[in-house]
Amino acid sequence: MTHEGNPIADLPADAVEVMLKRAFRNTLILGVVPALALWIGSGWRNAAMLVTGTLISAASIWEWQRLAKLINARLDNQKAPVGAPVVVLFFMLRLTVFAGAIYGSLKCFQGSAVALLGGLGLAVLTMGWEALSLLRD
């Protein structure tokens with residue numbers, strides 16, 4: 001039995017960046033297309049809830065991408081990217097901002113909370129899928 005290293009630790013930074021970009025794109029596609037079908041079948045309120053969850057998921061992936069760039073620059077002893085304090089600040093405030101968006105969508109749209117949760121779960125779904133495909137290759 002041989003002991004191999006952790007495959008995640010051996011991933012280059014550019015592969016992770018490409019993975020995050022694909023996950024961002026796929027999250028938007030997997031959220032907007034079903035939202036259009038939901039709009040036709042169930043009404044605009046549920047579609048708006050799904051889009052809200054999708055946008056929060058996509059914003060989370062985008063934020064993680066920016067944070068990963070910052071961390072990789074620090075680990076490689078490079079100069080931090082422009083706007084590094086903004087990235088860190090928004091990362092710290094994101095829970096408040098996204099909680100406000102969730103609360104606002106529940107109050108204003110009065111649609112299905114299941115549609116909102118479906119949109120919020122898209123980030124986990126696409127990140128898991130992309131990570132598995134990256135590790136498989």
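Me: How many salt bridges does the structure hold?
Reply: The structure holds 4. This is a predicted model, where local features need pLDDT of at least 70 and side-chain atom pairs count only at pLDDT 80 or more, while totals for chains, interfaces and linings use all residues. Residues are numbered from 1 along each chain as its sequence is written, and side-chain values use heavy atoms, leaving out hydrogens and water.

Me: Why is the contact of E17 and K21 called a salt bridge?
Reply: The term needs a side-chain nitrogen of Lys or Arg within 4 Å of a carboxyl oxygen of Asp or Glu. For E17 and K21, the N to O distance is 3.6 Å. (A helix is a DSSP run of H or I, at least four residues, numbered from the N terminus.)

Me: Which residues are linked with E17 in a network of salt bridges?
Reply: E17, K21 and K69 are linked in this network.

Me: What makes E17 buried, exposed or partly exposed?
Reply: Buried means under 20% relative accessible area, exposed over 50%, and partly exposed in between (1.4 Å probe, protein chains only). E17 has 26%, so E17 is partly exposed. K21, at 46%, also counts as partly exposed.

Me: How do you know that R22 and E130 form a salt bridge?
Reply: Their closest N and O atoms are 2.6 Å apart. That is within the limit, so the pair counts. R22 lies in helix α1 and E130 in helix α4, so the pair ties together parts 108 residues apart in sequence. R22 is partly exposed at 27%. E130 has 5%, so E130 is buried.

Me: What makes E63 and R94 a salt bridge?
Reply: Their side chains meet at 3.5 Å, N to O. This too is within the limit, so the term applies. The pair links distant parts of the chain, with E63 in helix α2 (residues 44–75) and R94 in helix α3 (residues 84–108), 31 residues apart. Both E63 and R94 are buried.

Me: Why is the set of A15, M19, L20, A23, I61, A123 and L134 called a nonpolar core?
Reply: A nonpolar core is a set of buried Ala, Val, Leu, Ile, Met, Phe, Trp, Tyr and Cys residues joined through side-chain atoms within 4.5 Å. These 7 residues make up the largest such core. Helices α1 (13–42) and α4 (113–136) each give two or more residues. Helix α1 gives the most, with 4. Apart from this core lies another, of 5 residues, including M49, L50, A115 and L116.
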